[in-house]
Amino acid sequence: MTTEATPGPSSTWRKVALQIDQLSKTFPGTRALNDVSLEVESGTIHCLLGGNGSGKSSLIKILAGVYQGDPGGTITVDEVSERSDRTTPEWARAAGLHFVHQDLAVFDGLTVAENLAIGRGFPVRRFLWSIRWRTLNRRARAVLDRFQVHVDPKRLLGELRPADHTMVAIARALQDQSLAGDQGILILDEPTVALPSAEVDILFGALRQYARAGQTILLVTHRLEEVIRIADRVTVLRDGSVTATLDAGQFDHAKLVELIVGRALDSEASAGVAVEGEDLLLEVSDLSVGPLHGVTFGLRRGEVLGVAGLLGSGRTTLLTTLFGLRPMDHGTTKLDGTRVVFANVDRAMDAGLAFVPENRSDSAFLEMDVRENLSAADLPKYWHRFVLHQRKEAEDARRSIAEFSIKAISEYQPFATLSGGNQQKAVVARWLRRKPRLLLLDEPTQGVDIEARGEIYRLVRNAVAGGTSVIVVTSDFEELARVADRVLILAHGRITAELLPPHIEASRITELVLSASAAEKAGPGAQEMENSHQ
Amino acid sequence: MSVESTPSDESLAATTTESLGSTSLERGGQSSLMFNFERFALPGLFAIVLIFFGTWSTTGHLFGTAANFQEVASNYVYIGILTLASLIPLVCGEFDFSVGQNAGFCQIVVATAMARFHVPLPFAVILAIAFGALVGLNNGNVVARLGVNSLIVTLGTSGILLGVVEWYTNGQSISLGISQSLLNFGSRNFGGIPEVVYLLVGVALVVYYLLEHTPYGRYLTSIGSNARAARLVGLRVDRLKLSAFVFSGALAGIAGVLLVAKNGSASPEAGSVTDTLSALAAAYLGATSIRPGRFNVLGAMLAVYFIGFSVAGLAIAGVQSWVSQVFSGGALFIAVVVSTLIGRRRLGTT
């Protein structure tokens, strides 16, 4: 990418396209944004950075009109101001704020032209309302040319490379802007999460060109190396406040991590302590599958091992592979010193593994009752001499409801009528009843209220006291710091660091996750990048 | 998952009543009454139909007789078995649209075996069941292993079977050389009840046991509720679905044998997609009662005979045959709407 030299901030005076003044947002019990002020200059790429819970997403949602800010602030787009407690999706659209979210909402099965027309209206003949295909494709061609997306509008979107999906989504969002003069603001929310590095280059090349043509871009990302490559200016949020706004050239990795985490980078290398000895329940060596490359680690009996990483780091793949949901390409896993390969989930279960998936839509049987949900993983226990002992099953369900403090009126209550937190407790209970040797938890407290969160971890702790080992993946690093005995940092499919007590702190985890993903990119990632352009 | 909704009083009360009547948490008597109404609406309607046609002066003298009851009971055994056949795939969330045509195919198999190849009755029956199961195996393989939509696959199977039957029989019925004991079984009574009814009761009991009292049935229900979650609790979803289609096919085979026993011959017209529709109607109608929101054997059997006696009553009253058609179609329509509403309420999404 020779065209992508370090973006120099132009010294010429630029118009302010978006100005946020004294924006606050209070949720019951917490303040997500605290007196945030921010200026985005026209025709620049402005990055918004911050860790989990920094207020980034609240800010974006207020701009999109999904949330309203507290009274007292103002948001000015193109010199037109609006009170911050009065933003609506209609306002955002009228003001020219164009959003492209992480989930692009594009349709693989439709052509590029159809994707561009969806939500905007197809050109139709006056009488029969039949689509005027030639006009549709011609318009699409014009839009694609304007945004320099070099694809045939008649091709199915699903056949295109990933970066083109994002670019089509951007073109769709921006197509109604006038060609010159006043342009809206393109707001990209983590657009690169699902993109391989070569694809990120293509996307960034395009973004750079749009900016040069006068497009204002606000980019939300977790990836520092991307910020350094593309940002004209960066604003860092921490705990709902702006900690700094810096121009390109004024920051590097270390500086950004320091701003995000709130203290100077700990230069002390965290030497990974190799876990060895008799005590090991699980040994994973050189595991490669999907995004994972050569992952090696051990897990002790009765240990809670946390895994921290960004979305797309391979954290879910790690758990699903261990549980026999997908075969590994390379590597070995040993359980109790014996090599094991689980071809199927039931084999993994027989070996004493348990897995609570990230989404409850992958674990809840909503139409069935609480009892049936609790015994879903150990039903054969009640099958004896051609009789399913349902009374015993109901008794055990009642016991579990009490033991795991599930709020249910009876064991026959339809699962769908339980609250989210209680459903999740029941799902965890389903597995803990089996007394697993290894419990795999993927975001176990997502969408769960605070009280249930505490109870879920209390239940896990009890199991650990009974000898169960746990691997837990969560994006909530505060939570991870509280529950984990040891934390592995996963970035781009590799384990880049290990944290042991007393160094397990949320800020330290954030720091390592962010700098690890940056360091990784500078290494093999950069090489990959060059190769792809030869 | 956004099922954060707090349970409504109504559904809670409903559940407690459902729990075998053992838990007596009396909350909102009105809504528990409502639930019982829902649960026993079909049996209630059934009773009303029987009383109405039994006492109405136009129909009473014919409808209320033992002969009429035997006639209807015996005539609907075939649809009853087809209903059970379609029930098993429905429980795991799949359609078997080929059950009717499969029965039609299997009646040709059993009749041909006896008439042309002089196979003894027991082996002919086994052969028919085996052929039915084979058709199910084929359906199941394509649906479960390749993940093709079951409605389309089984509709295709149905068409193929129809063609095969026409080609093989050349449009001719097979009526000579059929075992006399099979014909006797189709026409005799035992203890005042048609012998074929005992067959239906037997098959229904087996399917009831299978679905309600074995882990297998629970597994199928789990798959029907959430196939991905079922996989994550260690169920071999594809194998289980495959087996459901095999069971369904085997039951269609039994239904085919029964057709021959009842009709005394194997006609290329008997056993068709129309019968499949009647079976699906009964299965859905059954899911509105006894265990509302779930496909269940008792409800389905009640539904079969509710439709059977209603149609018989209408016939005796002298209404034209299209009225009966509209009645059956209307029953399916209402059943699907009501069971969808019940399901939605159980999911708390209303």
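Guide: H492(A) counts as buried, because 22 C-beta neighbours lie inside 10 Å. A residue is buried if 20 or more other C-beta atoms lie within 10 Å of its own, exposed if 12 or fewer, and partly exposed in between, with C-beta atoms placed from the backbone. This is a predicted model, in which local features need pLDDT of at least 70 and side-chain atom pairs count only at pLDDT 80 or more, while totals for chains, interfaces and linings use all residues. Residues are numbered from 1 along each chain as its sequence is written, and chains are lettered from A and ligands numbered from 1 in the order in which they are written.

Visitor: Where is H492(A) found? And what is its phi?

Guide: H492(A) is in the loop between β21 (486-491) and β22 of chain A. Its phi is near 50°, a positive value in a residue other than glycine. Helices (H or I, at least four residues) and strands (E, at least two) are DSSP runs, numbered from the N terminus.

Visitor: What about F386(A), is that one buried or exposed?

Guide: F386(A) is exposed, because 8 other C-beta atoms lie within 10 Å. F386(A) also has a positive phi, about 60°, although it is not a glycine. The loop that holds F386(A) runs between β17 (383-384) and β18 (387-388) of chain A.

Visitor: Which peptide bond is cis around P502(A)?

Guide: The bond from P501(A) to P502(A) is cis, with omega near 5°. P502(A) sits in the loop between β22 (494-499) and α16 (506-531) of chain A.

Visitor: And L366(A), buried or exposed?

Guide: L366(A) is buried, as 23 other C-beta atoms lie within 10 Å. Its place is the loop between β16 (353-356) and α11 (370-374) of chain A. From L366(A) to E505(A) there are 139 residues in sequence and 37 Å in space, C-alpha to C-alpha.

Visitor: Changing topic: how is chain A divided into domains?

Guide: Chain A has domain 1 (1-6 + 15-96 + 181-265), domain 2 (105-176) and domain 3 (280-366 + 436-530). These bounds come from an automatic or database domain assignment.

Visitor: How far apart are domain 1 and domain 2 of chain A, and what makes up the contact?

Guide: Their C-alpha centres lie 27 Å apart. Domain 1 of chain A gives 9 residues to the contact and domain 2 of chain A gives 9 residues; two residues are in contact if their C-beta atoms, placed from the backbone, lie within 7 Å. On the domain 1 side, the largest share, 5 residues, comes from helix α6 (residues 197-212) of chain A. That side divides into 7 nonpolar, 1 polar and 1 charged. Ala, Val, Leu, Ile, Met, Phe, Trp, Tyr, Cys and Pro count as nonpolar, Asp, Glu, Lys and Arg as charged, and the others, Gly among them, as polar.

Visitor: Now chain B. How many helices and strands does it have?

Guide: Chain B has 16 helices and 2 strands. Of its 350 residues, 49% count as buried. Among contacts in chain B between residues at least 6 apart in sequence, 73% join residues at least 24 apart.
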